[in-house]
Amino acid sequence: MSVIRRNLFKGALVGALAPALPVTAATRTEPVRPRWGVGADGQRKADLGDGTFQNPIVAGDHPDPTILKDGDDYYMTFSSFLSYPGLIIWRSTDLVNWTPIGPALKTHLGVIWAVDLVKHGDRYFIYIPADPKQEGWSIFVIWADDIGGPWSDPIDLNIHGCIDPGHVVGEDGRRYLFTNGIRKIRLSDDGLATDGALEHAYSPWRYPDDWVVENFAPEGPKLLRRGDWFYLITAVGGTAGPPTGHMVIAARSRSIHGPWEHCPRNPLVRTTGAQEPWWSRGHATLVEGPAADWWMVYHGYENGRRTLGRQTLLEPIEWTDDGWFRAMGGDLSRPLPKPRGGRAGPSAPALSDDFSADRMGLQWAFHGEAESAHRATYEGRGLRVQGQGKSPTDSAPLVCVVGDPAYDAEIALDLEGDAEAGLLLFYNSKAFVGVGFTPTMLKTFQFSEELTWMRADHQTRRVRFRVSNADDIVTWFHSYDDGANWIRNEMRMEVSGMHHNVFGGFLSLRVGVYVAGQGSAILRDFRYAAALPTSI
């Protein structure tokens, strides 16, 4: 496969932006030249192989991380929004190298935000905010006796009007959930029902009024008991909007019922200017490392690369003599020492897929409908997807999260019956670009609609498509001889504006395949190759 390769990453960029000036989607300023290890398919890898790592630890759209230490293993999952199967659980033994083990949620609950993964006794729980019937948010729970599943069907706890659950066991031995707000409610001993009323728990620390943030929005409460203290970690400032909005604050109390004392070092983490490599840092959880050192896991947008979504970041913390803690990673621009005592494991697997094994949930997911899972059937070295809708806007495409700013992706598509199919870069049904075909016509999509004037006649039921994304500059190709010869599409596209601040939804720009119409398409031989990012 022809892939754009670059030998040097230019860290000093033209037109460096001062913090006080407006930030555009394409603007990027990086005072330190980042470097990453090379993983499968050339993907960025956090582990540099010399005892250090470079953030992100999980690249691409993996926001609202919730992390669980379980013996020598660590497990983490993320908001999965409208992708089904959802809530993919990842495993690590060193906090730096992570690999997915499978999805926990197959039942459609609508949009899935900021969950909490916990273990109580010998049982695993995931507390899930969701609004499956568009009647208002509630908190659901699923459970399993093994982290790998099977997971139970969702149980509605009827905690209405709440998101962002955070589980904790109080000094009384009872279980509680904290939610956005910051509010709390007692749970039954089995964690599968409530046992009390929702009540106010904490009034978070407020930042100075002249700070440039999105909104106050106290959310993401995560709790930890250490010694005689309960620590409450909260996000404020808004998860998107200005680069300087999101932040991490802390409070502590000797009782789960308060009173809560603000940390004198608040905010513990915050992007202070648009020149920093990571924007909108927040939504943190504390976790003990393999050698009893301590770390903070949270998310952030990469400078100028909001199309990749919010990525998972790892930062060391230090407990201080006054019983508080402080973050020690600075702006995360430089490599950091890996956690001590960990055993390095596999990092993210290859995205290239010959469709000989089921990777639904691990890599592929349908956007928008859990019920779409029945549309996909593995057939040898191919995945048959039944058509739905009439175009990418209503076909619930099959999508794949990517974590590299520059890459090539290609796939062969065979049509059967009255179908059309194609390759997309897909944010949502209102924000996508791509190419597609019917047996008689080649199509091009831009601005989330077909460019009908670019239609080209042909007679074929098999086309191989390729997309080259070089820092949000997108070039499309198609081939009628399985990649021996490529024809470049005449329309190049720029997609840096396809992100949450423009279209909402908290999503990322993903590689996608749509299949529409009354027939089906067989997907074959998906190939992915990352390239080093460029400067502007």
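Predicted model: local features only at pLDDT ≥ 70, side-chain atom pairs only at ≥ 80, totals over all residues.

Residues are numbered from 1 along each chain as its sequence is written, and side-chain values use heavy atoms, with hydrogens and water left out.

**The whole chain**

Orient the view along the principal axes; the C-alpha atoms then fill a box of roughly 75 × 50 × 45 Å.

Next, colour by accessibility. Buried residues make up 63% of the 536 residues; buried means under 20% relative accessible area, exposed over 50%, and partly exposed in between (1.4 Å probe, protein chains only). Switch to a surface view: the accessible surface comes to about 20,000 Å², of which 49% belongs to carbon and sulfur atoms. These areas come from the Shrake-Rupley method with a 1.4 Å probe, and for residues only the protein chains shown count as cover. Of the contacts (heavy atoms within 4.5 Å) with a separation of 6 or more, 59% are between residues 24 or more positions apart.

**The largest pocket**

Select L68, V118, H167, L223 and L224, which lie nearest the centre of the largest pocket among its 23 lining residues. A pocket is found on a 1 Å grid over the protein atoms alone, as an open set of points where a 1.4 Å probe fits, with protein on both sides within 12 Å along at least five of seven lines; lining residues have an atom within 4 Å of a point. The volume of this pocket is about 580 Å³, that is, the space filled by probe spheres set on grid points joined across faces, edges and corners.

Now highlight β4, β9 (116-120), β13 (166-169), β17 (219-226) and β22 (278-288), each of which supplies at least two lining residues. Which strand gives the largest share of the lining? It is β9, with 5 residues. By class, the lining has 12 nonpolar, 5 polar and 6 charged residues. Here Ala, Val, Leu, Ile, Met, Phe, Trp, Tyr, Cys and Pro count as nonpolar, Asp, Glu, Lys and Arg as charged, and the others, Gly among them, as polar.

**Backbone exceptions**

Most residues other than glycine have a negative phi, and most peptide bonds are trans. Go to the loop between β3 (52-53) and β4 (66-70), where P56 lies; the bond from N55 to P56 is cis, with omega near 10°. Then move to P85, in the loop between β6 (83-84) and β7 (86-92). Y84 and P85 are joined by a cis peptide bond with omega of about 0°.

Continue to F447, in the loop between β34 (441-446) and β35 (449-450); S448 is also found between β34 and β35. Although not a glycine, F447 has a positive phi of about 60°, and S448, not a glycine either, has one of about 65°. Are these side by side residues buried or exposed? F447 is exposed, at 59% relative accessible area, whereas S448 is buried at 13%.

**A final stop**

Select Q43, in the loop between β1 (37-38) and β2 (44-45). Q43 counts as buried, at 11% relative accessibility. Leaving aside neighbours within four places in sequence, Q43 is in contact with G37, V38, A348, P349, A350, L351, D404, Y528 and A530.

Conventions
Helix = DSSP H or I, 4+ residues; strand = E, 2+ residues; numbered from the N terminus.
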